[in-house]
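Thanks for coming. I will go through some side-chain contacts in one protein chain, and I will give each term its cut-off as it comes up. Here is the structure.

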Amino acid sequence: MIVEFKKEDRSQMTKWIGGMKKYTLLYKASGDGCTSTAFHNACNNKGPTVTILYNHDNFIYGGYTSVSWRSIGNFQTDTKSFLFKLYQNDTWSPVKMPIANYRNSIYDHADFGPTFGDRDLQTFSGKVNFDGTIFNLNGKTNFGSSYTMNDENYKSIANGNLRVKDIEVYLVEEEPWRKTPKWNTKLLAELKEKIEKYRPLPGLKIPQARILLVGQVGSGKSSFYNTINSIFRGYITSQACSGNAEHSLTTVYRMYQIRKGIRGKPMNFRLHDTRGIEADQGVDANEICYLLDGNIQDGYQFNPSVPVSTDTLGFVDSAHVSETIHCVVLVLDGTTVDVMAEKVAERLKKLQMRMNQRGIPQVVLLTKIDKICERTEEDLSNVFYSPLVKETVERVSQIMGLPRSHILPVKNYESEMDLNDNVNILALMSLQQILHFADDYMYNHLDKHTEGISFSFQKCNGMFRNIIFIIMSAVVCLLAFWFYK
């Protein structure tokens, strides 16, 4: 058996540890020397580690600890440590053996190599020489002293010996499924500044990017506006009507402005809020077309019994591109994705078809993600480390037919009385991405506009040449007539 911590081994280890993990080699006996000094020099004060022993008889086993090795000369407490077996006689046979006496999880002494429990697994002490084939370790085993063995023993784990081809120790680090800059006050300030300085693509005479919020009743689309508004106001606001109700609380079409501070000027984007989608009510395929094309004015009162038409009061017959929608945000409740009503899903698909026909980009705001994962609820900065949130994003990507990069997890302000940096950072990262997609739409429109001008110029140029040719032909005919006369 090759000495290798393979992909499937890492995957199994990650399942046991939990979360999203990456593994970095810190220590290798065959390369660094099988000495306690080399081990502690390489591994002390690094963080969680996994120790792997590659038995000469093709058994692979070891231990994990979530605390740092520190050479303290005593036991360390760790409720998350465990022993494990991956292979038995070259056969995949994964077993996890959890800690029982967590106060003796590891024995951390400068004279010893990795030692788990009260000598459950003491790998070696001092120095062990390589005989050309193996390291014949001088450690000891007392399996079951501090760990629950789950019917495993010295024979089934290590074939009854400590002869190993190699020992490896890996640093275990969190691996985000979506990489972002480090979350801190500096990042928050940078995000706010970028959005405050945002300008729509020049050349189209568009003063503000227009973002349409569409979603299920109670999904949090109005709350998203309130969240963004709160960030730039500097305190929790509730300008848009939001909450939990059987039917949509949004009854008026609003084109909300976002201002910097209390008396600041409006920024260069708007969030358009419309009524929530229900199985038999809400925005329909006909109505969405008028919204996308900029035919409906701010303040329009929705009336389920009287659909929008060209006869609607204030209907805009031919809107400029600056008045149309540049990006659609589909807002979905992350806790109800798997139980979304079939009729609601069908209605969303029909709306998406109208958006696709116009080439309007779409993103999904996945709300209430703090309710999906307990770890994320405790600390929102863990959102991109959560396998549960990742799985939900992947499911929504399949349901909505959009790339995973278009699925943006957020947490809106609901019960909070004060602003929270992590809530702000996640919301602003999502808003920044939405504005990028709006710019993509404008670039496409600009390309078409430029091509149209070029085509018109070429067409006019061709017509001009044809006119000159006709005139010259007429002159030649007149001269010929005069000459022969």
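The side chain of Thr65 reaches the backbone nitrogen of Val67 at 3.2 Å. That is a polar contact, meaning a pair of N or O atoms within 3.5 Å; within protein, one must be able to donate a hydrogen and the other to accept it, and residues adjacent in sequence count only if both atoms are side-chain atoms.

Before I go on, this is a predicted model, so local features need pLDDT of at least 70 and side-chain atom pairs count only at pLDDT 80 or more, while totals for chains, interfaces and linings use all residues. Residues are numbered from 1 along each chain as its sequence is written, and side-chain values use heavy atoms, with hydrogens and water left out.

Back to Thr65, which is found in strand β3, residues 60-65. Helices (H or I, at least four residues) and strands (E, at least two) are DSSP runs, numbered from the N terminus. Is Thr65 buried or exposed? Thr65 is buried, because its relative accessible area is 0%; buried means under 20%, exposed over 50%, and partly exposed in between, with a 1.4 Å probe and protein chains only. Apart from neighbours within four places in sequence, Thr65 is in contact with Pro48, Thr49, Asp78, Ser81, Ile106 and Phe116. Contact here means heavy atoms within 4.5 Å.

Next, charges. Side chains of opposite charge can pair when their charged atoms come close. I call it a salt bridge when a side-chain nitrogen of Lys or Arg is within 4 Å of a carboxyl oxygen of Asp or Glu. How many salt bridges does this rule give? The count is 18.

One of them joins Arg254 and Asp298, with the closest N and O atoms 3.1 Å apart. This pair links distant parts of the chain: Arg254 is in strand β14 (residues 254-259), and Asp298 is in the loop between α7 (285-292) and β16 (327-333), 44 residues apart. Arg254 is partly exposed at 28% relative accessible area, and Asp298 is partly exposed at 37%.

Asp333 and Lys368 also form a salt bridge, at 3.3 Å from N to O. Asp333 lies in strand β16 and Lys368 in the loop between β17 (362-367) and α9 (374-378), so the pair ties together parts that are 35 residues apart in sequence. Both Asp333 and Lys368 are buried.

In the salt bridge of Lys411 with Glu416, N and O are 2.8 Å apart. Lys411 counts as buried at 10% relative accessibility, whereas Glu416 is partly exposed at 23%. Lys21, Glu174 and Arg375 are linked in a network of salt bridges.

Last, rings. Rings of Phe, Tyr and Trp (its six-membered ring) pair if their centres lie within 6.5 Å; planes under 30 degrees apart count as stacked, over 60 as edge-to-face, and the rest as tilted. The count comes to 19 aromatic pairs. Tyr87 and Trp92 have ring centres 5.2 Å apart and planes at 65 degrees, so this pair is edge-to-face. Tyr87 is buried at 6% relative accessible area, and Trp92 is partly exposed at 37%. Trp16, Tyr64, Phe82 and Phe84 form one aromatic cluster.

Phe82 has a charge over its face too: Lys96, at 4.8 Å from the ring centre. The rule asks for NZ of Lys or CZ of Arg within 6 Å of the ring centre and within 35 degrees of the ring normal. Arg119 lies over the face of Tyr107 at 5.7 Å from the ring centre.
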